[in-house]
Amino acid sequence: MNGTKLFLCAIGLPTALLSGLTMIPSQAADNDDLEFRDPSGRIRTVTTNGRIDTSNPFFTSLGTNGRSCVTCHQPGDAWSITPEHLQERFEASRGLDPVFRTNDGSNSPEADVSTLSARRRAYSMLLTRGLIRVGLPVPANAEFAVIGVDDPYHHASAARELSLFRRPLPSTNLSFISGVMWDGRETVTPITGPLTNSVPALIADLMHQANDATTGHAQAAHPLTTQQQRQIADFELGLFTAQSHDDDAGRLDGEEALGGPSFLPSSTFYIGINDTLGADPTGMAFNPVAMTLYDPWTNLSSDHDAHRRKARERVARGQALFNTKPINITGVKGLNDALNVHTIVGTCTTCHNSPNVGNHSVGLPLDIGLTDASRRTADMPLYTLQNRTTLATIQTTDPGRAMLTGKWKDVARFKGPILRGLAARAPYFHNGFAATLDDAVEFYDTRFGIGFTDDEKEDLVAFLRTL
């Protein structure tokens, strides 16, 4: 590990910011990419910028509390953060690492952080779920009122702000996104498809997000310069991350498979590609077979190592399930209600339709039930919202996009993330609801009554962890 730390320092990544991450020695010769161990293999990042330039403002503390972008976007965590490594950073720094700040890292900005034990309590949501607290006021024009607040940390209120606990999204593979942030609040310039040009809009949005993150999360006294904003946006847009090696299946680009990050920069993507509802601007129809990375692993020769061959065939079966296993989609706000269709017979790719990437190719925030009162845990706030016109009520742990738009229809709606680098960045969903990929699959199986067999669940997880 000592050699690893020396290399990380040599390329400018502070050791304290990479606690617990094991660098793969074969990558120590240069810094045009990065590869780290994760729970099921290796995660790798490549860049189209020629090299990973750690003099970029992304790695610089530009605020007043010691944070930089990399504080919450760690390369070994697929450019997000994980509870495991946050706990190691907490122990190494006695809870004083820059990620542990009360403006958004603690459960409440008024939390007591005067002692080690107090800090452990104050940062419990960050330490156990990797959640940052986002404080947002109810929009002045909201179609709803917050008539009930049950906050275990005694900070949130309808009059001041609601506490919304959310995972930091990865700052990689951003050239595939259709909206910035879980609720889209940093999508200040509409991102459209290839018939116009989505790149300038995406750059503008990422520049805006970089500035807001620095003045907010890093508590900068002054906005970033336009040059700093553009440098951060360009750095992020050059990053492509994916699982590169699986402990069971081996190299994920072996035997003509297209796993790993090397193929991502050349992947075809535009806003609306393969859209489920016909919004592809080229007129192409939706193809549910959106994942084809591991087609060559479907029928491997028996001459290969038996363990590896079985593992690769399992991945291929999981990919097929992702593309073709029928799902009766019901009760999804933003989909069933928008189409006025009670049941949509779809597959995983109905919502994860971007080819070999896995997010939705248009901005389509959905409510799949993750914030329902029935799934609320004791560590989460619970808010009761009332429609000002109909007087209908909803209880939710996070009003989602409605905190941006004020629309009743947007309550608890969130965008789906890109499904690459999953193995390195547990837990999953915006609120860390699923601790593992097995838990995520179990949620969908229960929520939609899919009826996965135990073998199918194992196959699907095997596929997801290779992304």
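In this predicted model, Arg401 touches Asp183, Gly184, Pro365, Asp410 and Arg413, leaving out residues up to four places away in sequence. Arg401 belongs to the loop between strand S11 (393-396) and helix H10 (402-405). With a relative accessible area of 24%, Arg401 is partly exposed, because the buried class ends under 20%. A contrasting pair is given by Arg401 and Leu96, which are 305 residues apart in sequence and 32 Å apart in space, C-alpha to C-alpha.

The secondary structure of the protein chain comes to 12 helices and 11 strands. For 467 residues, a compact globule would have a radius of gyration near 23 Å, and the 22 Å of the protein chain agrees with that. The C-alpha trace spans about 65 × 55 × 45 Å along its principal axes. Of the 467 residues, 57% count as buried. Among contacts between residues at least 6 apart in sequence, 64% join residues at least 24 apart. The chain exposes about 18800 Å², and carbon and sulfur atoms supply 53% of this area. There are 41 positive and 51 negative side chains, and the centres of the two sets lie 4 Å apart.

Two helices can be followed in more detail. Helix H7 (residues 226-237) has 12 residues and reaches 16 Å from its first C-alpha to its last, close to the 16 Å expected at 1.5 Å a residue. Its buried residues are Gln229, Ile232, Ala233, Phe235, Glu236 and Leu237, and they pack against H2, helix H6 (198-216) and strand S6 (239-246). Helix H11 (residues 437-448) also has 12 residues, and its reach of 17 Å is close to the expected 16 Å. In H11, Leu437, Ala440, Val441, Phe443, Asp445, Arg447 and Phe448 are buried. The cover over these buried residues includes strand S8 (327-330) and helix H12 (454-464). An α-helix has 3.6 residues a turn, so residues three or four places apart point the same way.

Several loops also hold buried residues. Ile52 sits in the loop between strand S2 (41-47) and helix H2 (69-72), and Ile52 is buried, with a relative accessible area of 1%. Although Ile52 and Leu239 are 187 residues apart along the chain, their C-alpha atoms are separated by 8.5 Å. Asn356 is found in the loop between strand S9 (343-346) and strand S10 (382-387). A relative accessible area of 14% makes Asn356 buried. Setting aside neighbours within four places in sequence, Asn356 is in contact with Leu264, Ala290, Met291, Thr292, Leu293 and Arg420.

Ala78 has a positive phi of about 55° although it is not a glycine. The loop that holds Ala78 runs between H2 and helix H3 (83-93), and Ala78 is buried at a relative accessible area of 1%. Glu256, likewise not a glycine, has a positive phi of about 70°. Glu256 lies in the loop between strand S7 (250-251) and helix H8 (306-324), where Glu256 counts as exposed at 69% relative accessibility. A cis peptide bond, with omega of about 5°, joins Ala426 and Pro427; Pro427 belongs to the loop between H10 and H11.

Conventions. Residues numbered from 1 in each chain as written. Predicted model: local features only at pLDDT ≥ 70, side-chain atom pairs only at ≥ 80, totals over all residues. Heavy atoms only, no water. Helix = DSSP H or I, 4+ residues; strand = E, 2+ residues; numbered from the N terminus. Rg over C-alpha atoms; globule rule 2.2 N^0.38 Å. Buried < 20%, exposed > 50% of the residue type's maximum accessible area, 1.4 Å probe, protein only. Contact = heavy atoms within 4.5 Å. Areas by Shrake-Rupley, 256 points an atom, 1.4 Å probe, with all protein chains shown as cover. Lys, Arg positive; Asp, Glu negative; His and termini not counted. Charge placed at Lys NZ, Arg CZ, Asp CG, Glu CD. Expected span 1.5 Å × (residues − 1).
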